Amino acid sequence: MTEPAGRRPRKRVNYGTGREALLEAAVRVVARGGLRRLTYRAVAEEAGVTHGLVVHHFGSRDALIEEAVAHAIRSSLSSSALEPGTGEAADFSVGLTDMVEAGPDLQAFQYELLLEARRRPELLAHLRSLYDEYFDATRRELTQMLPGPVDQGLSRMVFATLEGLVLHQLVFGEREIIDEALDELRSVLRLLAERRGDEA
């Protein structure tokens, strides 16, 4: 039996890898069409599986959103080098531009959720968990890098800088400019570490 023209062929998804494939499909659907386009049918079509399989794995649209957010957190944190663990400014967020280039849909998904949360406050809990992970990772890395305590304001400012650079690259490209800006951020962090070290 042949598939109708323009439709993706259905494929079998193993349970072990199926959830990840469906979450990646959900991310792509939202990145391209916004949260209002996120339906079981759209995810099934994107993944090339049956509608029932999406229902089986997630049960509700809210569960799908929640798990897609968790997937976004895991993927972004593992690929961004936001927290390399070395405590060296030179290593801070070295993979950021690669992450955006390799996974623009993942980044667009997160921005789509942010914008949608202005209209749908019930999404804020999902986003709070996402951003708490980012804030904590930033603060942990800065704590290793800088002598003395790292307050919430500093860690949020550094993360906001990174987030703005990601958005700029996502929309305008200009990877070289983003890399230059990241080098400047690392220089500022090095200077801050030296200054704090001299004061200690």
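## A loop to start from

Glu 122 sits in the loop that connects α6 and α7. This is a predicted model, and in it Glu 122 comes out as partly exposed, with 48% relative accessibility. Have a look at Asp 62 as well: 60 residues separate it from Glu 122 in sequence, yet the two C-alpha atoms are 9.9 Å apart in space.

## The overall layout

So what is the chain built from? It has nine helices and zero strands. Read from the N terminus, the order of elements is simply α-α-α-α-α-α-α-α-α. The chain has 200 residues, and 40% of them are buried.

## Two helices that cross

Let's zoom in on one pair of helices. Two packed helices are described by the angle between their axes and the distance between those axes. Helix α6 takes up residues 104-119, and it packs against α8 at about 115°, with 11 Å between the axes. Angles from 65 to 115 degrees count as roughly perpendicular, so that is the label α6 and α8 get. Their crossing is left-handed.

Helix α8 spans residues 152-172, and Leu 167 is found in it. Together with Val 171 and Phe 172, Leu 167 makes a nonpolar surface patch of about 300 Å². Is Leu 167 itself buried or partly exposed? With a relative accessible area of 37%, Leu 167 is partly exposed, because the buried label is kept for residues under 20%.

## Salt bridges across the chain

There are 11 salt bridges in the structure. One of them pairs Glu 67 with Arg 19, and their closest N and O atoms are 2.5 Å apart.

Another salt bridge joins the side chains of Arg 175 and Glu 101, at 2.9 Å from N to O. This pair also links distant parts of the chain, since Arg 175 is in helix α9 (residues 175-199) and Glu 101 is in helix α5 (residues 96-102), 74 residues away. Arg 175 is partly exposed, with 22% relative accessible area.

## A local pair and a network

Asp 183 counts as partly exposed at 45% relative accessibility, whereas Arg 186 is buried, with a relative accessible area of 9%.

Finally, some salt bridges join up into a network, which links Arg 28, Arg 32, Glu 46 and Asp 105.

How values were computed: Residues are numbered from 1 along each chain as its sequence is written. This is a predicted model: local features need pLDDT of at least 70, side-chain atom pairs count only at pLDDT 80 or more; totals for chains, interfaces and linings use all residues. Side-chain values use heavy atoms; hydrogens and water are left out. Patches are made of residues with over 30% relative accessible area and no salt bridge: like charges are joined within 9 Å, nonpolar side chains (Val, Leu, Ile, Met, Phe, Trp, Tyr) within 5 Å. Accessible areas come from the Shrake-Rupley method with a 1.4 Å probe; for residues, only the protein chains shown count as cover. A salt bridge is a side-chain nitrogen of Lys or Arg within 4 Å of a carboxyl oxygen of Asp or Glu. Helices (H or I, at least four residues) and strands (E, at least two) are DSSP runs, numbered from the N terminus. Buried means under 20% relative accessible area, exposed over 50%, partly exposed in between (1.4 Å probe, protein chains only). Axes are lines fitted to C-alpha atoms, for helices over the stretch in contact, and angles run from 0 to 180 degrees between N-to-C directions. Angles under 35 degrees count as roughly parallel, over 145 as roughly antiparallel, 65 to 115 as roughly perpendicular and the rest as oblique. A crossing is left-handed if the near helix is turned anticlockwise from the far one by less than a right angle, and right-handed if clockwise.
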